[in-house]
Protein chains: 2
Amino acid sequence: MNPQNEPPVSGTDTSRAAGTDWRRAKRERTRRLLQQNAMRLFLEKGFDATTVEEIAAASGVSHMTFFRYFPTKEDAALEDDYDPMIADLIAERPAEEPAIDKIRHALTHGLNQLYDSERDVLLARMRLVYRTPALRAGTGQRRDADQRLLIAALAPTAGGSRGELHLRVVVAAALAAVTEAIRYWAESNGADDLRHLIDEAFDALRAELTYDEPADRPSD
Amino acid sequence: MNPQNEPPVSGTDTSRAAGTDWRRAKRERTRRLLQQNAMRLFLEKGFDATTVEEIAAASGVSHMTFFRYFPTKEDAALEDDYDPMIADLIAERPAEEPAIDKIRHALTHGLNQLYDSERDVLLARMRLVYRTPALRAGTGQRRDADQRLLIAALAPTAGGSRGELHLRVVVAAALAAVTEAIRYWAESNGADDLRHLIDEAFDALRAELTYDEPADRPSD
DNA sequence: TCTAACATGTTAGTGGCTAACTCGAAGGGA
DNA sequence: TCCCTTCGAGTTAGCCACTAACATGTTAGA
(Lines give C-alpha, C1' and ligand atoms only; values in the text may rest on other atoms or scores of the structure.)
Protein backbone atom coordinates (compact mmCIF):
# COMPACT_ATOMS: atom_id res chain seq x y z
CA MET A 1 0.00 0.00 0.00
CA ASN A 2 2.47 2.58 1.08
CA PRO A 3 5.69 2.02 -0.85
CA GLN A 4 7.91 3.42 1.89
CA ASN A 5 6.83 1.03 4.57
CA GLU A 6 8.64 -2.02 3.33
CA PRO A 7 11.15 -3.54 5.68
CA PRO A 8 14.80 -3.41 4.61
CA VAL A 9 14.49 -6.10 1.97
CA SER A 10 17.79 -5.29 0.35
CA GLY A 11 19.14 -3.42 3.31
CA THR A 12 22.33 -2.03 1.94
CA ASP A 13 21.32 1.14 0.13
CA THR A 14 21.04 4.51 1.87
CA SER A 15 20.20 3.32 5.36
CA ARG A 16 23.08 4.39 7.55
CA ALA A 17 21.56 2.51 10.46
CA ALA A 18 21.74 -1.24 10.57
CA GLY A 19 19.11 -3.69 11.72
CA THR A 20 16.94 -2.43 14.50
CA ASP A 21 16.63 1.24 13.77
CA TRP A 22 15.35 1.48 10.30
CA ARG A 23 12.30 2.42 12.27
CA ARG A 24 14.05 5.50 13.45
CA ALA A 25 14.96 6.34 9.89
CA LYS A 26 11.33 6.04 8.89
CA ARG A 27 10.29 8.19 11.82
CA GLU A 28 12.67 10.86 10.72
CA ARG A 29 11.41 10.62 7.17
CA THR A 30 7.81 11.02 8.30
CA ARG A 31 8.77 13.90 10.51
CA ARG A 32 10.55 15.73 7.74
CA LEU A 33 7.69 15.08 5.38
CA LEU A 34 5.21 16.56 7.83
CA GLN A 35 7.37 19.56 8.50
CA GLN A 36 7.99 20.25 4.83
CA ASN A 37 4.34 20.02 3.95
CA ALA A 38 3.47 22.18 6.93
CA MET A 39 5.93 24.89 5.92
CA ARG A 40 4.83 24.77 2.31
CA LEU A 41 1.18 25.17 3.24
CA PHE A 42 1.92 27.86 5.81
CA LEU A 43 3.77 29.87 3.23
CA GLU A 44 1.13 29.28 0.57
CA LYS A 45 -2.02 29.94 2.56
CA GLY A 46 -0.87 31.41 5.83
CA PHE A 47 -0.51 29.74 9.20
CA ASP A 48 -4.01 30.30 10.49
CA ALA A 49 -5.70 29.29 7.28
CA THR A 50 -3.90 25.95 7.26
CA THR A 51 -5.48 23.20 9.32
CA VAL A 52 -3.65 20.29 10.84
CA GLU A 53 -5.93 18.03 8.88
CA GLU A 54 -4.62 19.48 5.64
CA ILE A 55 -1.02 19.00 6.64
CA ALA A 56 -1.72 15.44 7.67
CA ALA A 57 -3.66 14.70 4.50
CA ALA A 58 -0.91 16.17 2.33
CA SER A 59 1.51 13.86 4.09
CA GLY A 60 -0.71 10.81 3.81
CA VAL A 61 -1.28 10.36 7.53
CA SER A 62 -4.03 11.10 9.99
CA HIS A 63 -4.09 14.18 12.18
CA MET A 64 -3.30 12.04 15.20
CA THR A 65 -0.01 11.11 13.65
CA PHE A 66 0.79 14.76 13.19
CA PHE A 67 0.35 15.37 16.90
CA ARG A 68 2.52 12.36 17.70
CA TYR A 69 5.36 14.15 15.95
CA PHE A 70 4.67 17.75 16.90
CA PRO A 71 3.03 18.68 20.18
CA THR A 72 1.40 21.75 18.64
CA LYS A 73 0.85 23.18 15.21
CA GLU A 74 3.30 25.95 16.01
CA ASP A 75 6.07 23.48 16.57
CA ALA A 76 5.87 22.28 13.00
CA ALA A 77 6.86 25.80 11.95
CA LEU A 78 9.35 26.59 14.68
CA GLU A 79 11.39 23.48 15.35
CA ASP A 80 14.91 23.27 14.14
CA ASP A 81 17.97 21.33 15.20
CA TYR A 82 20.50 24.07 15.78
CA ASP A 83 20.55 23.73 19.54
CA PRO A 84 23.11 20.99 20.03
CA MET A 85 25.46 22.69 17.61
CA ILE A 86 25.33 25.90 19.62
CA ALA A 87 26.06 24.09 22.85
CA ASP A 88 29.10 22.49 21.25
CA LEU A 89 30.36 25.78 19.91
CA ILE A 90 30.08 27.38 23.32
CA ALA A 91 32.08 24.61 24.90
CA GLU A 92 34.86 25.30 22.41
CA ARG A 93 35.30 28.93 23.43
CA PRO A 94 38.23 29.76 25.72
CA ALA A 95 37.18 29.44 29.33
CA GLU A 96 38.28 32.91 30.35
CA GLU A 97 36.20 34.66 27.69
CA PRO A 98 33.28 36.65 29.11
CA ALA A 99 29.97 34.88 28.76
CA ILE A 100 28.44 37.36 26.38
CA ASP A 101 31.38 37.09 24.02
CA LYS A 102 31.21 33.33 24.16
CA ILE A 103 27.62 33.51 23.01
CA ARG A 104 28.36 36.11 20.39
CA HIS A 105 31.25 34.28 18.83
CA ALA A 106 29.70 30.87 19.04
CA LEU A 107 26.60 32.13 17.26
CA THR A 108 28.57 33.98 14.62
CA HIS A 109 30.66 30.90 14.09
CA GLY A 110 27.71 28.56 13.73
CA LEU A 111 25.86 30.95 11.49
CA ASN A 112 28.84 31.15 9.18
CA GLN A 113 28.66 27.45 8.59
CA LEU A 114 24.97 27.50 7.79
CA TYR A 115 24.53 30.78 6.06
CA ASP A 116 25.14 29.78 2.48
CA SER A 117 22.99 26.70 2.56
CA GLU A 118 20.17 27.82 4.83
CA ARG A 119 19.86 31.54 4.47
CA ASP A 120 16.83 31.43 2.20
CA VAL A 121 14.81 28.91 4.16
CA LEU A 122 15.65 30.67 7.40
CA LEU A 123 14.55 33.98 5.98
CA ALA A 124 11.28 32.56 4.73
CA ARG A 125 10.59 31.01 8.10
CA MET A 126 11.37 34.16 10.02
CA ARG A 127 9.23 36.26 7.75
CA LEU A 128 6.39 33.84 8.38
CA VAL A 129 6.95 33.99 12.12
CA TYR A 130 6.96 37.75 12.32
CA ARG A 131 3.81 38.07 10.32
CA THR A 132 1.89 35.47 12.36
CA PRO A 133 0.93 36.41 15.92
CA ALA A 134 0.42 32.81 16.98
CA LEU A 135 3.98 31.98 15.95
CA ARG A 136 5.41 35.05 17.62
CA ALA A 137 3.96 33.76 20.86
CA GLY A 138 5.57 30.41 20.25
CA THR A 139 9.01 31.95 19.92
CA GLY A 140 8.81 32.98 23.55
CA GLN A 141 8.77 29.38 24.66
CA ARG A 142 11.64 28.51 22.38
CA ARG A 143 13.63 31.39 23.76
CA ASP A 144 13.13 30.00 27.23
CA ALA A 145 14.52 26.69 26.06
CA ASP A 146 17.45 28.38 24.35
CA GLN A 147 18.15 30.35 27.47
CA ARG A 148 18.26 27.23 29.61
CA LEU A 149 20.52 25.56 27.10
CA LEU A 150 22.95 28.44 27.06
CA ILE A 151 22.96 28.73 30.82
CA ALA A 152 23.74 25.06 31.10
CA ALA A 153 26.54 25.44 28.58
CA LEU A 154 28.00 28.47 30.30
CA ALA A 155 27.54 27.51 33.93
CA PRO A 156 30.63 25.30 34.23
CA THR A 157 33.04 28.13 33.47
CA ALA A 158 31.13 31.24 34.49
CA GLY A 159 28.82 29.93 37.15
CA GLY A 160 30.68 30.16 40.39
CA SER A 161 31.89 33.67 40.80
CA ARG A 162 28.82 35.60 39.76
CA GLY A 163 25.31 34.85 40.82
CA GLU A 164 22.59 32.92 39.09
CA LEU A 165 20.70 36.10 38.31
CA HIS A 166 23.76 37.59 36.69
CA LEU A 167 24.11 34.71 34.28
CA ARG A 168 20.43 34.70 33.45
CA VAL A 169 20.46 38.38 32.67
CA VAL A 170 23.50 38.16 30.46
CA VAL A 171 22.12 35.24 28.50
CA ALA A 172 18.73 36.87 28.15
CA ALA A 173 20.31 40.09 26.91
CA ALA A 174 22.44 38.23 24.40
CA LEU A 175 19.40 36.38 23.11
CA ALA A 176 17.55 39.65 22.93
CA ALA A 177 20.30 41.11 20.77
CA VAL A 178 20.24 38.13 18.42
CA THR A 179 16.47 38.14 18.28
CA GLU A 180 16.35 41.81 17.39
CA ALA A 181 18.93 41.32 14.69
CA ILE A 182 16.96 38.46 13.20
CA ARG A 183 13.73 40.37 13.37
CA TYR A 184 15.29 43.40 11.75
CA TRP A 185 16.70 41.13 9.07
CA ALA A 186 13.32 39.51 8.42
CA GLU A 187 11.48 42.82 8.37
CA SER A 188 13.88 44.30 5.85
CA ASN A 189 13.41 41.14 3.82
CA GLY A 190 16.99 40.02 4.11
CA ALA A 191 18.45 43.17 2.63
CA ASP A 192 21.49 43.13 4.92
CA ASP A 193 23.71 40.25 5.83
CA LEU A 194 22.36 38.71 9.01
CA ARG A 195 25.84 38.13 10.38
CA HIS A 196 26.59 41.79 10.03
CA LEU A 197 23.36 42.72 11.80
CA ILE A 198 24.15 40.43 14.69
CA ASP A 199 27.54 42.08 15.05
CA GLU A 200 25.84 45.43 14.97
CA ALA A 201 23.37 44.38 17.64
CA PHE A 202 26.07 43.24 20.04
CA ASP A 203 28.09 46.37 19.34
CA ALA A 204 25.06 48.48 20.10
CA LEU A 205 24.64 46.79 23.43
CA ARG A 206 28.26 47.32 24.34
CA ALA A 207 28.27 50.92 23.14
CA GLU A 208 25.17 51.77 25.14
CA LEU A 209 26.56 50.35 28.35
CA THR A 210 30.13 51.54 28.09
CA TYR A 211 28.96 55.02 27.29
CA ASP A 212 30.19 56.84 30.37
CA GLU A 213 27.27 59.20 30.58
CA PRO A 214 28.20 62.77 31.39
CA ALA A 215 28.70 65.04 28.39
CA ASP A 216 25.75 65.72 26.21
CA ARG A 217 24.73 63.64 23.33
CA PRO A 218 24.78 66.23 20.56
CA SER A 219 21.34 66.11 19.11
CA ASP A 220 20.95 65.96 15.39
CA MET B 1 -33.07 40.42 37.94
CA ASN B 2 -29.56 41.72 37.91
CA PRO B 3 -29.28 44.36 40.57
CA GLN B 4 -26.46 46.25 38.90
CA ASN B 5 -28.21 46.88 35.66
CA GLU B 6 -30.54 49.58 36.82
CA PRO B 7 -30.25 52.93 35.15
CA PRO B 8 -29.06 55.80 37.32
CA VAL B 9 -32.33 56.18 39.15
CA SER B 10 -30.87 58.25 41.94
CA GLY B 11 -27.82 59.21 39.98
CA THR B 12 -25.80 61.02 42.53
CA ASP B 13 -24.10 58.29 44.56
CA THR B 14 -20.86 56.71 43.45
CA SER B 15 -21.11 57.37 39.74
CA ARG B 16 -18.29 59.74 38.92
CA ALA B 17 -19.48 59.91 35.33
CA ALA B 18 -22.47 61.98 34.44
CA GLY B 19 -25.08 61.37 31.81
CA THR B 20 -24.02 59.37 28.81
CA ASP B 21 -21.14 57.39 30.17
CA TRP B 22 -22.57 55.54 33.06
CA ARG B 23 -22.35 52.86 30.42
CA ARG B 24 -18.61 53.16 30.49
CA ALA B 25 -18.65 52.84 34.24
CA LYS B 26 -20.69 49.68 33.97
CA ARG B 27 -18.34 48.36 31.34
CA GLU B 28 -15.41 48.88 33.62
CA ARG B 29 -17.24 47.25 36.47
CA THR B 30 -18.02 44.19 34.38
CA ARG B 31 -14.46 44.06 33.19
CA ARG B 32 -13.05 44.17 36.68
CA LEU B 33 -15.53 41.60 37.86
CA LEU B 34 -14.51 39.23 35.09
CA GLN B 35 -10.83 39.76 35.72
CA GLN B 36 -11.17 39.27 39.47
CA ASN B 37 -13.17 36.08 39.09
CA ALA B 38 -10.72 34.85 36.48
CA MET B 39 -7.72 35.45 38.70
CA ARG B 40 -9.42 33.89 41.68
CA LEU B 41 -10.30 30.75 39.76
CA PHE B 42 -6.89 30.56 38.12
CA LEU B 43 -5.21 30.68 41.50
CA GLU B 44 -7.65 28.23 43.04
CA LYS B 45 -7.77 25.58 40.33
CA GLY B 46 -5.00 26.45 37.94
CA PHE B 47 -5.22 28.20 34.59
CA ASP B 48 -5.79 25.17 32.38
CA ALA B 49 -8.38 23.62 34.66
CA THR B 50 -10.46 26.79 34.59
CA THR B 51 -12.81 27.15 31.65
CA VAL B 52 -14.06 30.40 30.23
CA GLU B 53 -17.55 29.16 30.90
CA GLU B 54 -16.81 28.99 34.61
CA ILE B 55 -15.40 32.50 34.69
CA ALA B 56 -18.41 33.81 32.83
CA ALA B 57 -20.85 31.93 35.04
CA ALA B 58 -19.14 33.15 38.21
CA SER B 59 -19.54 36.68 36.87
CA GLY B 60 -23.15 36.20 35.83
CA VAL B 61 -22.58 36.61 32.11
CA SER B 62 -22.30 34.32 29.10
CA HIS B 63 -19.00 33.19 27.67
CA MET B 64 -19.53 35.45 24.68
CA THR B 65 -19.49 38.44 26.97
CA PHE B 66 -16.18 37.29 28.37
CA PHE B 67 -14.68 37.36 24.89
CA ARG B 68 -16.07 40.82 24.29
CA TYR B 69 -13.91 42.05 27.15
CA PHE B 70 -10.84 39.90 26.73
CA PRO B 71 -9.68 38.67 23.33
CA THR B 72 -8.23 35.51 24.85
CA LYS B 73 -8.33 33.67 28.14
CA GLU B 74 -4.69 34.56 28.70
CA ASP B 75 -5.45 38.27 28.59
CA ALA B 76 -7.70 37.99 31.62
CA ALA B 77 -4.63 36.93 33.58
CA LEU B 78 -2.03 39.17 31.97
CA GLU B 79 -3.61 42.55 31.42
CA ASP B 80 -2.64 45.44 33.60
CA ASP B 81 -2.60 49.20 33.23
CA TYR B 82 0.98 50.09 34.00
CA ASP B 83 1.93 51.00 30.46
CA PRO B 84 0.84 54.62 30.29
CA MET B 85 2.57 55.32 33.61
CA ILE B 86 5.85 53.98 32.29
CA ALA B 87 5.64 56.11 29.18
CA ASP B 88 5.09 59.19 31.33
CA LEU B 89 7.99 58.38 33.59
CA ILE B 90 10.30 57.97 30.64
CA ALA B 91 9.31 61.34 29.27
CA GLU B 92 10.30 62.90 32.58
CA ARG B 93 13.87 61.66 32.46
CA PRO B 94 16.55 64.16 31.41
CA ALA B 95 16.96 64.09 27.67
CA GLU B 96 20.69 63.50 27.70
CA GLU B 97 20.46 60.38 29.85
CA PRO B 98 21.35 57.19 27.98
CA ALA B 99 18.31 55.17 26.93
CA ILE B 100 19.04 52.21 29.14
CA ASP B 101 19.32 54.40 32.21
CA LYS B 102 16.11 56.14 31.32
CA ILE B 103 14.37 52.81 31.30
CA ARG B 104 16.05 51.64 34.46
CA HIS B 105 15.26 54.72 36.47
CA ALA B 106 11.76 55.12 35.16
CA LEU B 107 10.93 51.56 36.08
CA THR B 108 12.50 51.80 39.50
CA HIS B 109 10.64 55.01 40.07
CA GLY B 110 7.29 53.61 39.02
CA LEU B 111 7.79 50.44 40.98
CA ASN B 112 8.51 52.43 44.11
CA GLN B 113 5.10 54.01 43.90
CA LEU B 114 3.30 50.71 43.49
CA TYR B 115 5.36 48.38 45.59
CA ASP B 116 3.66 48.73 48.93
CA SER B 117 0.14 48.47 47.61
CA GLU B 118 0.60 45.94 44.81
CA ARG B 119 3.50 43.75 45.76
CA ASP B 120 1.38 40.83 46.89
CA VAL B 121 -1.00 40.73 43.98
CA LEU B 122 1.87 41.17 41.54
CA LEU B 123 3.75 38.31 43.12
CA ALA B 124 0.75 36.02 43.00
CA ARG B 125 0.21 36.83 39.37
CA MET B 126 3.81 36.29 38.42
CA ARG B 127 3.97 33.01 40.24
CA LEU B 128 0.92 31.92 38.32
CA VAL B 129 2.46 33.02 35.04
CA TYR B 130 5.73 31.20 35.55
CA ARG B 131 4.02 27.99 36.50
CA THR B 132 1.67 28.03 33.50
CA PRO B 133 3.19 27.42 30.07
CA ALA B 134 0.25 28.94 28.24
CA LEU B 135 0.70 32.19 30.16
CA ARG B 136 4.44 32.22 29.66
CA ALA B 137 3.77 32.21 25.94
CA GLY B 138 1.42 35.13 26.35
CA THR B 139 4.06 37.23 28.03
CA GLY B 140 6.02 37.24 24.79
CA GLN B 141 3.30 39.21 23.08
CA ARG B 142 3.07 41.63 25.94
CA ARG B 143 6.78 42.15 25.82
CA ASP B 144 6.50 43.05 22.17
CA ALA B 145 3.92 45.65 23.07
CA ASP B 146 6.06 47.00 25.90
CA GLN B 147 9.02 47.19 23.59
CA ARG B 148 7.10 49.21 21.05
CA LEU B 149 5.86 51.50 23.78
CA LEU B 150 9.33 52.12 25.13
CA ILE B 151 10.77 52.66 21.68
CA ALA B 152 8.09 55.21 20.96
CA ALA B 153 8.81 56.94 24.26
CA LEU B 154 12.55 56.99 23.67
CA ALA B 155 12.68 57.73 19.97
CA PRO B 156 12.21 61.52 20.25
CA THR B 157 15.44 61.99 22.22
CA ALA B 158 17.56 59.03 21.21
CA GLY B 159 16.25 58.22 17.79
CA GLY B 160 18.20 60.22 15.32
CA SER B 161 21.85 59.65 15.83
CA ARG B 162 21.90 55.91 16.34
CA GLY B 163 20.10 53.42 14.20
CA GLU B 164 16.75 51.82 14.64
CA LEU B 165 18.38 48.51 15.37
CA HIS B 166 20.46 50.05 18.12
CA LEU B 167 17.42 51.34 19.93
CA ARG B 168 15.56 48.08 19.56
CA VAL B 169 18.46 46.11 20.99
CA VAL B 170 18.87 48.40 23.95
CA VAL B 171 15.20 48.32 24.80
CA ALA B 172 15.01 44.55 24.36
CA ALA B 173 18.02 44.07 26.59
CA ALA B 174 16.57 46.32 29.26
CA LEU B 175 13.29 44.44 29.16
CA ALA B 176 15.21 41.19 29.36
CA ALA B 177 16.94 42.41 32.50
CA VAL B 178 13.67 43.39 34.11
CA THR B 179 12.00 40.17 33.07
CA GLU B 180 14.78 38.07 34.55
CA ALA B 181 14.62 40.01 37.79
CA ILE B 182 10.88 39.48 38.02
CA ARG B 183 11.16 35.82 37.21
CA TYR B 184 13.88 35.34 39.78
CA TRP B 185 11.71 37.16 42.27
CA ALA B 186 8.70 34.99 41.52
CA GLU B 187 10.70 31.77 41.61
CA SER B 188 12.17 32.61 44.98
CA ASN B 189 8.66 33.40 46.14
CA GLY B 190 9.34 37.06 46.77
CA ALA B 191 12.18 36.44 49.21
CA ASP B 192 14.16 39.47 48.02
CA ASP B 193 12.96 42.94 47.32
CA LEU B 194 12.07 43.16 43.65
CA ARG B 195 13.51 46.65 43.36
CA HIS B 196 16.83 45.40 44.60
CA LEU B 197 16.78 42.52 42.13
CA ILE B 198 16.10 44.88 39.25
CA ASP B 199 19.05 46.98 40.29
CA GLU B 200 21.15 43.86 40.46
CA ALA B 201 20.04 42.79 37.00
CA PHE B 202 21.00 46.10 35.40
CA ASP B 203 24.29 46.11 37.27
CA ALA B 204 25.02 42.63 36.01
CA LEU B 205 24.46 43.74 32.47
CA ARG B 206 26.76 46.71 32.83
CA ALA B 207 29.43 44.71 34.62
CA GLU B 208 29.44 42.06 31.95
CA LEU B 209 29.83 44.53 29.14
CA THR B 210 32.29 46.93 30.67
CA TYR B 211 34.58 44.05 31.45
CA ASP B 212 37.31 45.14 29.11
CA GLU B 213 39.85 42.52 28.07
CA PRO B 214 40.45 43.05 24.36
CA ALA B 215 42.56 39.90 24.01
CA ASP B 216 42.19 38.27 20.65
CA ARG B 217 39.10 37.80 18.71
CA PRO B 218 40.09 34.57 17.03
CA SER B 219 39.23 34.62 13.41
CA ASP B 220 38.73 31.71 11.15
C1' DT C 1 5.38 -19.20 15.35
C1' DC C 2 4.21 -16.76 19.28
C1' DT C 3 4.62 -12.44 21.52
C1' DA C 4 6.02 -7.89 22.92
C1' DA C 5 6.78 -3.33 21.15
C1' DC C 6 5.40 0.11 18.25
C1' DA C 7 3.43 3.12 14.63
C1' DT C 8 -0.76 4.39 12.99
C1' DG C 9 -5.73 4.79 12.55
C1' DT C 10 -10.66 5.51 14.33
C1' DT C 11 -13.82 7.61 17.11
C1' DA C 12 -15.59 10.55 20.29
C1' DG C 13 -14.94 13.90 22.90
C1' DT C 14 -13.43 18.96 25.42
C1' DG C 15 -12.78 23.65 25.14
C1' DG C 16 -11.17 28.11 23.06
C1' DC C 17 -12.93 31.11 19.91
C1' DT C 18 -15.99 33.16 16.05
C1' DA C 19 -20.14 34.48 13.37
C1' DA C 20 -25.00 35.45 12.58
C1' DC C 21 -28.78 36.63 14.54
C1' DT C 22 -32.01 38.30 18.11
C1' DC C 23 -33.47 40.76 22.25
C1' DG C 24 -33.90 44.49 25.28
C1' DA C 25 -32.78 48.59 27.38
C1' DA C 26 -30.83 53.56 27.12
C1' DG C 27 -30.93 57.95 25.08
C1' DG C 28 -32.13 61.58 22.05
C1' DG C 29 -35.15 64.05 19.13
C1' DA C 30 -39.90 64.99 17.43
C1' DT D 1 -44.80 60.46 24.95
C1' DC D 2 -43.38 57.80 20.95
C1' DC D 3 -40.10 56.35 17.68
C1' DC D 4 -35.75 54.95 16.31
C1' DT D 5 -30.96 54.37 16.65
C1' DT D 6 -27.35 52.44 19.35
C1' DC D 7 -25.23 49.13 21.97
C1' DG D 8 -24.46 45.61 25.38
C1' DA D 9 -25.59 40.99 25.94
C1' DG D 10 -27.57 36.28 24.95
C1' DT D 11 -28.42 32.20 21.93
C1' DT D 12 -27.13 29.04 18.75
C1' DA D 13 -24.27 26.74 15.79
C1' DG D 14 -20.04 25.76 14.23
C1' DC D 15 -14.67 25.40 13.35
C1' DC D 16 -10.55 23.69 14.84
C1' DA D 17 -6.60 22.50 17.99
C1' DC D 18 -5.82 18.98 20.86
C1' DT D 19 -6.65 14.60 23.86
C1' DA D 20 -8.01 9.94 25.44
C1' DA D 21 -9.44 5.18 24.64
C1' DC D 22 -9.28 1.65 21.94
C1' DA D 23 -8.35 -1.22 17.74
C1' DT D 24 -5.20 -2.89 14.09
C1' DG D 25 -1.43 -4.24 11.60
C1' DT D 26 3.51 -4.77 11.32
C1' DT D 27 8.29 -5.58 12.95
C1' DA D 28 11.65 -7.80 16.23
C1' DG D 29 13.11 -11.17 18.76
C1' DA D 30 12.72 -15.46 21.24
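Start by selecting the surface near DNA strand D: its residues divide into 8 nonpolar, 8 polar and 4 charged. Here Ala, Val, Leu, Ile, Met, Phe, Trp, Tyr, Cys and Pro count as nonpolar, Asp, Glu, Lys and Arg as charged, and the others, Gly among them, as polar. "Near" means that the C-beta atom, placed from the backbone, lies within 6 Å of the strand.

Before you click on, note that this is a predicted model, where local features need pLDDT of at least 70 and side-chain atom pairs count only at pLDDT 80 or more, while totals for chains, interfaces and linings use all residues. Residues are numbered from 1 along each chain as its sequence is written, with chains lettered from A and ligands numbered from 1 in the order in which they are written.

Now pick out A:T51, A:T72, A:K73, B:S62 and B:T65, which come nearest of the 20 residues around DNA strand D. Two or more residues each come from α2 (52-58) and α3 (63-69) of chain A and from α1 (22-45) and α3 (63-69) of chain B. The largest share, 3 residues, belongs to α3(B).

Bring chain B back. How many degrees of rotation superpose chain A on chain B? The answer is 180 degrees, with 0.0 Å of shift along the axis and an RMSD of 0.1 Å, fitted by least squares on the C-alpha atoms of residues with pLDDT of at least 70 in both copies. The two copies are therefore related as by a two-fold rotation axis.

Then select residues 164-187 of chain B, helix α8. At 1.5 Å a residue (times one less than the number of residues), its 24 residues should span 34 Å, and the end C-alpha atoms are 34 Å apart, so the two agree. In α8(B), 21 of the 24 residues are buried. Just after this helix, B:N189 has a positive phi of about 60 degrees.

Last stop: B:A173. Leaving aside neighbours within four places in sequence, B:A173 is in contact (C-beta atoms, placed from the backbone, within 7 Å) with A:A173, A:A176, A:A177, A:L205 and B:L205.

Terms used. Helices (H or I, at least four residues) and strands (E, at least two) are DSSP runs, numbered from the N terminus. A residue is buried if 20 or more other C-beta atoms lie within 10 Å of its own, exposed if 12 or fewer, and partly exposed in between; C-beta atoms are placed from the backbone. Two residues are in contact if their C-beta atoms, placed from the backbone, lie within 7 Å.
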